[in-house]
Amino acid sequence: MTAKENRPITDIGTLKALAHPLRMKLYRALCVARTATASQLAEQVDEAVSLVSYHLRKLADHGLIEAARPQSGDGRERWWQPSSDGVSIKDKDFRDAPEKAAAHAAATRLFHEQRADLYRRYLDERHAWGPEWNSAAPDQESLLRLTAAELAELGEELLALARKYDEKGRAAEAAGDTEGRENVALHVYGFPFRP
């Protein structure tokens with residue numbers, strides 16, 4: 001899969017389709033694998049292949065994933081890939097009706113809970129990663145005084161920086177440089193608060 005832009009999600013139907021706990025796990029696993037079959041994904045999420053196939057079709061119905069070129073000679077296997085590099089979900093697209101705002105809030109909570117679970121798993125397994133990875137893994141908090149426009153600009157710059165490193169990693173892998181490469185999750189949250 002070549003790099004594609006993030007897909008904006010602006011309709012409540014697609015948001016609800018992605019905001020299902022198993023579908024979000026499958027979508028994330030497929031983004032990491034880049035291509036996979038329902039059987040491969042079922043092993044990762046510890047669910048029945050038939051259930052995983054059903055949820056993959058629901059993601060495909062909303063254009064979040066698509067059929068991929070077969071990776072093996074078995075014609076019975078159906079391969080999937082994300083239809084974009086990721087998704088972009090903006091509050092502004094869901095605040096014009098209470099039902100949409102509630103769906104956006106519920107989806108955002110689910111996404112953050114799953115991200116927190118992923119980070120907790122890393123913390124629980126930290127000893128197995130060794131000093132090189134543990135020293136490299138950032139864990140920091142910055143308390144800033146910004147305007148809304150500055151926070152938006154900071155977010156765009158951080159996203160551009162993450163994309164730069166993603167492209168660098170993809171290019172290295174395409175050239176056969178896979179030694180020492182691992183999947184890395186980068187979660188950045190920026191939000192206003194009052195003490």
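Student: How many salt bridges does the structure have?

Tutor: The count comes to ten, where a salt bridge is a side-chain nitrogen of Lys or Arg within 4 Å of a carboxyl oxygen of Asp or Glu. Keep in mind that this is a predicted model: local features need pLDDT of at least 70, side-chain atom pairs count only at pLDDT 80 or more, and totals for chains, interfaces and linings use all residues. Residues are numbered from 1 along each chain as its sequence is written, and side-chain values use heavy atoms, with hydrogens and water left out.

Student: What makes Glu99 and Lys16 a salt bridge?

Tutor: Their closest N and O atoms are 3.3 Å apart, and that is within the 4 Å limit, so the pair counts. This pair links distant parts of the chain: Glu99 belongs to helix α5 and Lys16 to helix α1 (residues 12–18), 83 residues apart. A helix here is a DSSP run (H or I) of at least four residues, and a strand is a run (E) of at least two, both numbered from the N terminus.

Student: Why is Glu99 called exposed, and Lys16 partly exposed?

Tutor: Buried means under 20% relative accessible area, exposed means over 50%, and partly exposed is in between (1.4 Å probe, protein chains only). Glu99 has 51%, so it is exposed. Lys16 has 45%, so it is partly exposed.

Student: Which residues are linked in a network of salt bridges?

Tutor: Asp85, Asp166 and Arg170.

Student: On to the rings. Why is the pair of Trp129 and Trp133 called edge-to-face?

Tutor: The structure holds two aromatic pairs. Trp129 and Trp133 form a pair with 6.0 Å centre to centre and 70 degrees between the planes. Rings of Phe, Tyr and Trp (its six-membered ring) pair if their centres lie within 6.5 Å; planes under 30 degrees apart count as stacked, over 60 as edge-to-face and the rest as tilted. So 6.0 Å makes Trp129 and Trp133 a pair, and 70 degrees makes that pair edge-to-face.

Student: Where do Trp129 and Trp133 lie?

Tutor: Both sit in helix α5 (residues 98–136), four residues apart, about one turn of the helix. Trp129 is partly exposed at 33%, and Trp133 is partly exposed at 28%.

Student: What makes β2 and β4 paired strands?

Tutor: Two strands pair if DSSP finds at least two bridges between them. Strand β2 (residues 36–37) and β4 have two bridges, in the antiparallel sense, so they pair. Ala36 stands opposite Trp80 in β4.

Student: Which way do the residues of β4 point?

Tutor: In strand β4 (residues 79–82), Trp79 and Gln81 point one way and Trp80 and Pro82 the other way, and all are buried. In a regular strand the side chains alternate between the two faces of the sheet.
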